[in-house]
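Subject: Structure handover

Hello,

Here is the structure I promised to pass on. Please open it and keep it beside this email while you read.

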Amino acid sequence: MPEIQADNQTTQRRVDDLLGQMTLAEKVGQMNQVNSGDEHAVAHLRSAIQAGHIGSVLNEVNLETINELQRIAVHESRLGIPLLIGRDVIHGFKTVMPIPLGQAATFNPDLVREGARVAAREAATAGINWTFAPMIDVTRDPRWGRIAESLGEDPFLASEMGVAMVEGFQGDDLGSVGSIVACAKHFAGYGAAEGGRDYASTNVSENELRNVHLRPFKAAVDAGVRTLMTSFCDLDGVPASGNEFLLRDVLRDEWGFDGFVVSDWDSVRQLAIHGYTENDEVSALAAARAGVDMEMFGESYRHHLPELVDRGLIDIAVIDAMVANILRVKFQLGLFENPYTDPADLPPIADDHALETARTSALQSVVLLKNDGPTLPLAADGLSSIAVIGPMADAPCEQLGTWIFDGDPQLSVTPLQALREMIGERVDIRHVRAMETSRSRHSTAFDEAAALAGSSDVAILFLGEESILSGEAHSRADINLPGDQAALVRQVRAAGKPVIAVIMAGRPLTLSNIVDHVDAILYAWHPGAMGGPAIADLLLGNESPSGKLPVTFPRMVGQIPIYYSQKNTGKPPSPETIVHIDDIEAAALQTSFGMTSFYLDAGYTPLYPFGYGLSYAGFHYGNIATDTDEIRLGDTLRIGADLTNTGPVAAEEVAQLYVRDRVGSVTRPVKELKGFRRVGLEPGQTVRVEFELHTDELAFYGRDRQLAAEPGDFHVWIGGSSETELRADFRVLDSL
Ligand code: BGC
């Protein structure tokens, strides 16, 4: 600790010393992030950097150019301040990992940390020292295209995974080679965009904001994330990039954040488009006052802040504090010691470790949703032919998913390639793509596919969404399988052979129209470069599926938002109180059906709940017990349950811990995830899964806006999904 304090003091002295030498224009220059571009733009960049007008460049990945820009900054600008080089390294750089939503499905923070570490090293090789990741917006809307980039619906899971990513990018020592600055985004509320329509307004109460959406950001700040990015959204009438409550009251005053905040792309100037300011000048003023330290693209700061300071509309002390936030990170990154990159100091791109990490991540991200029979794993010994059908079977780019600016599709191994490589000598792997893209319509190729299925032992349909159908500004109102994929499923089904669906997508899709027409479903998200071998390993039973859903799967789009940690309502539904629209009798107009909270045409349950995922093993949970029935505030409860592998194979299971606070000063969710653990079990093996729960982990923001746990009665569950019913109870008493 004393060492860290001394480091902090030295850094602060260096920051103060530098600030003392800076002109106002140079200060504002540090707050300016510009986009790179073609040669012409780079030439322009050089002179702007020489003049001290630029603090950071984004979207430059040519190492020679970057080293040259750093040289100009260090040797040709008056004060020699090096540059931050930013890039969206979202789920891998060259070696693409599963999309973040898939990574969340691993419930494996160690693996997620390693994925980010690999990405950081590869990005660092190109001279990048700052990634705009992780995205930790909690979202409960699969229509939102950016759900692909998210870590799912749950604040606890998003916190654990988000922190793991921050640790992976930044490493133990930010100043060491291969560490890059992380950026927790988008602060805040973006994931609650109305109707899942990207950039739409967000209307969440402060209580919901604090208890759900801000949680992962607080965790990232506590874990030492060095930068945050604002959100594009209008949050309860105040766009996030001009939101003083978020950026000053919460982030600085309550949380003590000492890194810096960057706007999202041009979101400062967009304050005027929102109708929050009159023009760019007022936007610059509003954003700076609110606490946006650096403007990404737009240059309203550069054009207007100096004059706003001269006119006394913004205090120079405010500017100094913002510039200090930026310089602090540059010092911590070690840029002043060495701004240059020598790839020889780093592992080669896509080395064995990177590919292995991508493969394990893909493997653990896949969720087995259905397995009648069981149909899976395939008994490859007994098979002579497999029909491989569908638009995603051999689509090296599509399996990578959204946000892969630098991803190398040449590294992709598709499921078709992997199956051929693994069993092609023994088993006839036949392939009909049947659809050019996931959006294609019915064609004669469907007949060919059905004929192929009919003449094979089994049909595997590789379905889903192309990568372009999710991501930023790629929301969908209908989240069924696009195109005529459902018709393809039915036609192949009619051939009479076992049908397995492997679905690659950037979001939960509504699968109600195909679920009864297939025997098994592996949900693979967009699994990244090594998706093929990982999926083949699962199909063939070399490995057992172990992913769990980080987000609820609705039956139909009208159920959205549907998530496990909902409130109880005053009229909670139950199987006895609901009725289906088809079962209403003509004369029953006056019937009240129990008056509970459900849909006549969709009930109240999802198709698959949060935390759900099957295995080739069978897992049984029993004997839940707490070490005591009562604890005091400030104490720790121990909870355990026996977990037995009742199946025929060794496998990993993600054991999950949920609690319910029965009564609160504000109402509490019916279940909240509070812990999880990946456990490997041999057939027949039983282990005791133990969790510790400190009462601080029961804390929530009440009406007084304070974070505190409240005494009272609690339920606690352990199990394999959010629907677990294995429960114990305990009571929390006031501290003595
Ligand atoms: C996105 C950010 C991203 C930025 C830079 C914006 O449109 O919202 O998440 O980091 O662009 O590419």
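Start at Ala184. Its bridge partner in strand S6 is Leu228. That bridge belongs to a strand pair: S5 and S6 (residues 227-230) run parallel and share 4 bridges. Keep in mind that this is a predicted model.

Now look at Thr227, which sits in strand S6. Thr227 is buried, with a relative accessible area of 0%. A polar atom of its side chain lies 2.8 Å from the backbone oxygen of Ala182.

Next, the cysteines. How many disulfides does a search of the whole structure find? The count is 0. Take Cys183 as an example. The closest cysteine sulfur to its own is in Cys233, 15 Å away, which is too far for a bond. A disulfide needs the two sulfurs within 2.5 Å. Cys183 is also buried, at 0% relative accessible area. Cys397 is partly exposed, with a value of 37%.

On to helix H10, residues 244-254. Which residues of H10 are buried? They are Leu246, Leu247, Val250, Leu251 and Arg252. These residues span an arc of only 165° around the axis, so they lie on the same side of H10. An α-helix has 3.6 residues a turn, so residues three or four places apart point the same way. At its start, a side-chain oxygen of Asn243 comes within 3.3 Å of the backbone nitrogen of Phe245. After the helix comes Gly256, with a positive phi near 70°.

Then the aromatic rings. A pair of rings is described by the distance of the centres and the angle of the planes. The count here is 21 aromatic pairs. One of them joins Tyr523 and Trp525. Their ring centres are 4.9 Å apart and their planes meet at 75°, so this pair is edge-to-face. Tyr523 is buried, at 0% relative accessible area. Trp525 is buried as well, with 0% relative accessibility.

Trp525 also pairs with Phe553. That pair is edge-to-face too: 6.0 Å from centre to centre, with 75° between the planes. Where are the two residues in the chain? Trp525 is in the loop between strand S16 (520-523) and helix H20 (531-539). Phe553 is in the loop between H20 and strand S17 (619-626). The two are 28 residues apart, and the pair links distant parts of the chain. Both Trp525 and Phe553 are buried.

Ring pairs connect Phe107, Phe156, Tyr564, Phe610, Tyr658 and Phe676. Select these residues together and follow the links from ring to ring.

Two arginines sit over rings. Arg668 lies over the face of Phe700, 4.0 Å from the ring centre. Arg677 has its charged end over the ring of Phe691, at 4.6 Å from the centre.

Now strand S25, residues 712-719. Of its 8 residues, 6 are buried, so S25 is largely enclosed by the rest of the structure. Which strands pair with S25? One is S20 (residues 651-661), which pairs with S25 in the antiparallel sense over 6 bridges. In that pairing, Gln656 stands opposite Gly719. Another is S26 (residues 727-733), also antiparallel to S25, over 6 bridges. Here Gly712 stands opposite Val732.

Last, find Thr375. This residue is in the loop between strand S11 (367-371) and strand S12 (385-389). Is Thr375 buried or exposed? Thr375 counts as buried, because its relative accessibility is 16% and the cut-off for buried is under 20%. Thr375 and Ile389 are 14 residues apart in sequence. In space, their C-alpha atoms are 17 Å apart.

Best wishes

Key: Residues numbered from 1 in each chain as written. Predicted model: local features only at pLDDT ≥ 70, side-chain atom pairs only at ≥ 80, totals over all residues. Heavy atoms only, no water. Buried < 20%, exposed > 50% of the residue type's maximum accessible area, 1.4 Å probe, protein only. Phe/Tyr/Trp six-rings, centres within 6.5 Å; stacked < 30°, edge-to-face > 60°. Lys NZ or Arg CZ within 6 Å of the ring centre and 35° of its normal. Pairing = 2+ DSSP bridges. Arc of directions from axis to C-beta. Polar contact = N/O pair within 3.5 Å; in protein donor to acceptor, adjacent residues only side chain to side chain.
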